[in-house]
Amino acid sequence: MLVGLSVATYSDAVSAGPPSSPLVLAVHPYLPQAEIAERFRPLAEYLSQVLNKHVEVRVGRSYDEHIELVGSNAVDFAFVGPAPYVAMVRRFGLKPMLARLEVEGTPSFHGYIVVRNESPIRTLADLKGKSFGFGDKNSTMGHIVPRYELHRTGISLSDFSRHVFLGAHFNVALAVLAGDFDAGAVKDEAYFKYRAQGLRALAKTEAIPEHVFVASSKMAPDLVEALRQALMALGTQPNGLKILRSINGRVTQLVSVKDSDFDGLRKIVDIVEQLEE
């Protein structure tokens with residue numbers, strides 16, 4: 001039987017109850033909560049069938065909360081962005097790694113610094129004196145990597161007339177389109193979604209390892225392995241690609257992952273942390 005999906009916050013997951021309670025899949029709020037819940041519903045249903053255990057999706061209120069709850073094993077397994085993964089491991093240590101996304105044949109993705117089509121801004125240097133919208137401060141492509149790219153071209157936060165952290169990627173794209181900000185930083189999915197509505201790419205970041213699934217350190221090893229195998233096999237299952245593309249319309253499969261895949265990103269995070277102004 002397919003499982004229903006309830007939308008809840010992490011505070012509910014912390015007091016989830018007895019061992020017979022559902023497995024909780026935690027997701028960070030990179031999009032509006034309701035949209036994330038709908039995107040991950042097919043995956044929750046698939047895993048519930050394969051594992052014969054009810055799976056629920058819980059969407060965090062913030063990236064900080066997501067890192068804290070996943071790191072402290074307050075949820076069973078999680079979908080984690082690259083930079084939050086690096087931050088979580090630094091604070092809490094390694095977790096069992098399950099799989100990472102492969103998008104259009106590669107397990108990495110890009111971010112974009114964007115402006116409106118009609119904007120006179122043509123280079124990153126033109127951003128001096130302009131307003132800028134970031135996503136969440138812990139977001140890989142909403143802040144960390146674009147901030148690194150800006151630094152490499154000599155742009156610091158003090159060069160902007162103002163900068164604001166707007167949370168979700170779509171918030172940034174819409175704010176730039178509305179003229180609330182001259183430019184902003186978004187992940188590739190948000191750029192492709194709104195490009196036809198008048199968003200123009202000013203710069204493209206380097207490739208960064210894709211989002212990952214990790215398990216709680218408290219999860220039984222046999223369940224960790226069953227979960228890993230279920231995720232890795234998804235691309236070969238009936239409707240598997242449809243389930244994956246519910247999460248991201250360009251996903252091709254889930255692939256193996258190891259902690260060292262994120263060593264390059266760790267260097268970028270270290271540089272950005274030293275830039276705090």
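Some ground rules. The model is predicted, so local features need pLDDT of at least 70 and side-chain atom pairs count only at pLDDT 80 or more, while totals for chains, interfaces and linings use all residues. Residues are numbered from 1 along each chain as its sequence is written, and side-chain values use heavy atoms, with hydrogens and water left out.

I start with the whole chain. There are ten helices and 13 strands; these are DSSP runs numbered from the N terminus, with helices being H or I of at least four residues and strands E of at least two. Along the principal axes, the C-alpha atoms fill a box of roughly 55 × 35 × 30 Å. The radius of gyration is 19 Å, which agrees with the value near 19 Å for a compact globule of 277 residues. That radius is taken over C-alpha atoms, and the globule rule is 2.2 Å times the number of residues to the power 0.38.

Of the 277 residues, 54% are buried. Buried means under 20% relative accessible area, exposed means over 50%, and partly exposed is in between, with a 1.4 Å probe and protein chains only. Contacts, meaning heavy atoms within 4.5 Å, are counted here at a separation of 6 or more, and 79% of them join residues 24 or more positions apart.

Now to strand β12, residues 212-215. Which way do its side chains point? V212 and V214 point one way, F213 and A215 the other, and all are buried.

β12 has strand partners, where pairing needs at least two DSSP bridges between two strands. Strand β3, residues 77-80, pairs with β12 in the antiparallel sense over four bridges. Strand β4, residues 97-103, also runs antiparallel to β12, with three bridges.

Last, the backbone. Most residues other than glycine have a negative phi. N73 has a positive phi of about 65 degrees although it is not a glycine. N73 lies in the loop between α3 (63-71) and β3. N239 is not a glycine either, and has a positive phi of about 65 degrees. N239 is found in the loop between α8 (221-232) and α9 (240-247).

Are these two asparagines buried or exposed? N73 is buried, with a relative accessible area of 18%, whereas N239 is exposed, at 55%.
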